[in-house]
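Thanks for making time this morning.

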Amino acid sequence: MRTDIAADGGTSGLSGVTRLASDLRLAVGRMTRRLRQAHAVGDVSLSGVSVLARLAADGPDSPTSLAEMERVRPQAMASTLAGLEQRGLVRRTRDARDGRRSIVAVTEDGRAMLAERRTESVQRLAAALDEFSAEERATLAAALPLLDRLAERL
């Protein structure tokens, strides 16, 4: 990892910001790949898990709204939802106010799969974090709000 980040949290010029961006991309990508590799072949995709998590947290929504929130094209969302629906992880119903629209909701099977997947990932992360010092874990915890803010701006 980079050591050229200034003590005040800044970097030295644009090249430092670019290096930090590159290092963040590599580290997050590496973590994502390793967590993804822990799941069975044919398991639900990351985009599918993201949609399930959003539906579980925020409640039923339209495919159009989900596409906007997930920042994907409606066609990509339609494909993701079709796969989830085929597996019985979501269900579609007609919008009571506008019969031309459909509303998607997570099913109990979807909630169970999401909980199982989270448990596996959390256990893997926790096992890895056990090897970190208390100070290192505190540093990671302190960075979480910044990482969330960064994710929202992408």
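This is a predicted model: local features need pLDDT of at least 70, side-chain atom pairs count only at pLDDT 80 or more; totals for chains, interfaces and linings use all residues.

Which helix gives the most to the positive patch? That is helix H1, residues 13–37, with 5 residues.

Stepping back to the whole chain, you can find 6 helices and 2 strands, and if you read along the sequence, they follow the pattern α-α-α-α-β-β-α-α. Of the 154 residues in the chain, buried ones make up 23%.

That brings me to the interior. In soluble globular proteins, nonpolar side chains tend to be buried together. In this model, the largest nonpolar core has 16 residues, and those touching the most other members are Val51, Leu52, Leu55, Leu66, Leu81 and Leu84. At least two residues of this core come from each of helix H2 (46–58), helix H3 (63–70), helix H4 (74–86), strand E2 (102–106) and helix H5 (108–129), and H2 gives the most, with 4 residues.

Now to the charged pairs.

In one of them, the side chains of Asp95 and Arg101 meet with 3.0 Å from N to O. Asp95 is buried, because its relative accessible area is 8% and buried means under 20%, whereas Arg101, at 36%, counts as partly exposed.

Another salt bridge joins the side chains of Arg100 and Asp98, again with an N to O distance of 3.0 Å. Here Arg100 counts as exposed, at 73% relative accessibility, while Asp98 is partly exposed, with a relative accessible area of 22%.

The last pair I want to show you is Glu108 with Arg111, a salt bridge whose closest N and O atoms are 3.8 Å apart. Both residues lie in helix H5, and because they are 3 residues apart there, about one helical turn separates Glu108 from Arg111. Glu108 is exposed, with a relative accessible area of 60%, and Arg111 is partly exposed, with 36%.

Methods: Residues are numbered from 1 along each chain as its sequence is written. Side-chain values use heavy atoms; hydrogens and water are left out. A nonpolar core is a set of buried Ala, Val, Leu, Ile, Met, Phe, Trp, Tyr and Cys residues joined through side-chain atoms within 4.5 Å. Buried means under 20% relative accessible area, exposed over 50%, partly exposed in between (1.4 Å probe, protein chains only). A salt bridge is a side-chain nitrogen of Lys or Arg within 4 Å of a carboxyl oxygen of Asp or Glu.
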